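User: I would like to go through this structure in questions and answers, with the cut-offs behind each term spelled out.

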Amino acid sequence: MARYGLLIDVSRCIGCSGCVVGCKNWHGIPGGEEGRIRLQDMTTGVYPQISRWVFPLMCMQCDYPPCVSVCRYQASYVGSDGIVAVDKDKCVGCELCTFACPYGARVMRNGGKVADSCDFCIERIREGVEPYCVSTCPTGAFVFGDIDDPQSEIFKRIKETKARALKKKFRTKPKVFYAGPDGLRDVLG
Amino acid sequence: MESERIVPTMCHGCSYGGYNCGMLAHVKDGKFVRVEGNPHHPLNKGKLCAKGQAAVQWVYNEQRLKYPLIRAGEKGEGSFKRISWEEAMSVIAEKIKETKEEYGPEYIMLSKGQSSGWAGLHQFLWIRFMHALGSTSFSNWGPSVCYAPQLMYHKQLIGGPSYARPDYEHADLIVEWFTGGGTGGAARGGVETLDTNLRSIPLKIIERVNKGARLIIINPQLIALGANGRVSRWLPVRPGTDGALALSMIHVIIRDKVYDKKFVSEWCEGFDKLSAHVKQYTPAWAEGITGIEAREIEELARDYATTPRACMRVSEAPQKQDLRSFAMAVPILMAITGHLDRPGGNAWFFPAARLGFSTLSNRISSKARERVLGGDTFYIKSSGRHSAFFRNVIEALISGKPYRPRTMLVFGSNPMSTARNPALVAEAFKKVDFTVVVDVSKTPTSRYADIVLPAATRYECYGQPGIWENHLTMSHKVIDPLWEARDELEVTLDLASRLGMGKDFWNGDHRAMVADFLKPAGVTLEQLEQSALEGIYLPRTEWMDRRERYEELFKELPDGKIQLYNTVLEKEGFEPLPTYVGETEDPLSAPELSNEYPLMFTDEHSAYINHHSWMRDIPWLREIRKHAFVKINPATAKKYGIDDGDWVDIVSPHGRMKAVAILFEAIRPDTLMSQHGWWQGCDALDLKETPPLQEGTNPNVLYDWDNRDLITGDITKNTMVRIQRGAPPEEVLPVREGL
């Protein structure tokens, strides 16, 4: 079984919000509700020695997902393909997962009735199509695929770019990786 | 329930009417539900930016203009009554006839904005409409302060039909010179000037940078294009001083003899006079003006000159009073370094065919041609007096000199937000007898209309073709127009028929018009309709891919050579060489203002999530940035007791605007940057409309209408300000549709 992951090559990200709005467009998420993707735009250093950093944040698809551990209703679950998702029929809207997620990726939907986060466009993957953000990113900053398959592009690119997860200290073992220049390491934490 | 049906079309996000990104519109049960990029479209290859992704919310927006309206209160008030299309159209036709008979055709004016693009079907049709009436009072309003003035200098200096654009795909050094740009080079595409859309440019730059090309950004703020380690050198230039920087680069390049001697001797005239002239512009001199260290200027100049494949994009952003020094120095830089029309430099790009039909310009009497507003200026004369000059139009409306147009048709233009000095624009509009505004949104400009007509979005319109390089394609109707919106093209054809000009306008047959428009490409409408998904690729011409086409491109120039010492300008009584003047409102030239107004101010062009004054009513886009903003360095903010997210007042000698402070480390501490185009409310997010004039969210109230470029009239967007915490702006009731 494939173990799906996502590589975000920040050297290609220009912070255009294409993925942020694209995700809402594809999934029909109303305006005013928190989306599944948000954009980080920050600087390090002091003027004029400045570095600026822009990149998207979403569910990190952890191998050890706290949102699943805390859910008492089996609404947060890990599918056979390793994808963390929410079973909307089981979710009671207790919001526990939103507090448990160290990345702040879980949001509440339908007026707080149900939890939601990025599930790699699970319905598209089952049809053999990559997640929407991956296909729509104007600069091609996303690579999606099986991170266990040495032949896959993502496997090679993660290795080649020494990509790493955001805030590894949480020890949740994300399947979303960030690649970029040297200074990125300090930003990712 | 039907499954989703897919209609291939083109995006409306940054303009419509011409060539834009390819889009697949998903329709379900008759409703436009979502979009994705069209993978067969060579420009965007299946990708879409945020604006394009928000198409559905743009179409189904309850804040849109829905019905034809007639004024029910004072001009400017925004009180209207609903009327039928039939009533509206017959009133408009009657007024046009009256004006023509009573005053003459030139008293009928038509203006458009950037919304429908520059050289597309809409522009052709509207110019033809005016010419058929016998009027030359056509005016493109937006570019009066950006694209066109700089282009005038560019053409006077180095010829060619348009800008020599960066050939990113082959460049080893990319200079993004974009004073005032928020997103900078990350956005320009098929058309030269639109920096508000993503199109193909960011990808080209990034591909190149990832292959080792160096990226230099000259901008008071570090734009996102330079984020994530991409920028190799960021030069935070003092706003408005780009001319000094460019002239100093010329100084270094000539002093160090790193110019292209062969090119200069074969294709340039006046080099010795230029050399003598720029001796004064030493890097030490420029450091004091630009805030960029002399050493950095030296390195930049040599780097640009000695990198064989170096390109530069300056675009329309240098909107300044001293446009001249900059707009002359830049093409000189490209020329003397031998970077013109060479791979990886700045080259002229041509499409395989130009679409269009006759604009019936032979219908214009020489008397009418003489009467073009602004026609006595070199600027309008040099462009053949094809259109009136925005500044002269506004001033003529107010003063009645040389004459006041009586009837005005405004298509997709919102100068009450986008033009400098909106108070002056308002005054001008109040003086027009009869104004029609056709738009998708209830803009502040529509408040001054006598009749307002609801325009359909591109997704509700029949085909609009466009060409980019050799790819020809067209948009297709996704759904029927909502409410009572109508396609502007059909409105124009209808109006032409009502005025008895049907014969010149295909007897109102929209398809026949489009077919005619396609003729120069040798493609029929049926062929294009049949290839809705992929479009048609015309053969690439030898001319498109050839470089160093100097003989042809310089042929309009005196002696067929680049005029480093410009004899044409000299004959007109202007200085033949670029002399740095600077901005009137700059602490260096107005130290007496510094106590009261200690900071420099300018505004960004546009951003990825909105387009000029459009699209603030789209929840998906607006929630990313809810309020008009001003970027301020944290050190400066601290000094004035301002926190991130505070509402602030920004006060210049000319006005006061309000904005939310964004504390941003990557901006010059002596500079504030805001963004134009903020006026609109967003009902879904409970955000209210703001006043278009003073105390609103419009940076254009801060600038001086009279601080403008000598030749082109380009009005400055540089001034001096103070900043303090303040209350949020008052709420303004949106345009009321009455009953």
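Analyst: Chain B has 25 helices and 27 strands, where helices (H or I, at least four residues) and strands (E, at least two) are DSSP runs numbered from the N terminus. This is a predicted model, in which local features need pLDDT of at least 70 and side-chain atom pairs count only at pLDDT 80 or more, while totals for chains, interfaces and linings use all residues. Residues are numbered from 1 along each chain as its sequence is written, and chains are lettered from A and ligands numbered from 1 in the order in which they are written.

User: What is the radius of gyration of chain B?

Analyst: The radius is taken over C-alpha atoms, and the globule rule is 2.2 Å times the number of residues to the power 0.38. For 739 residues that rule gives 27 Å, and the value for chain B is close to this, so the chain is as compact as a globular protein of that length. The radius of gyration of chain B is 25 Å.

User: Within what arc do the buried residues of H11(B) fall?

Analyst: Helix H11 (residues 294-306) of chain B has 13 residues, and its buried residues are Ile297(B), Leu300(B), Ala301(B), Tyr304(B) and Ala305(B). The arc is that of the directions from the helix axis to the C-beta atoms. Seen down that axis, the buried residues of H11(B) line one face of the helix, because they fall within an arc of 120°.

User: How many residues does chain B bring to its contact with chain A?

Analyst: Two residues are in contact if their C-beta atoms, placed from the backbone, lie within 7 Å. Chain A gives 36 residues, and the elements of chain B that give two or more include strand S3 (31-37) and helix H6 (201-210). The number from chain B is 41 residues.

Definitions and conventions. Expected span 1.5 Å × (residues − 1). Buried ≥ 20, exposed ≤ 12 C-beta atoms within 10 Å, placed from the backbone.
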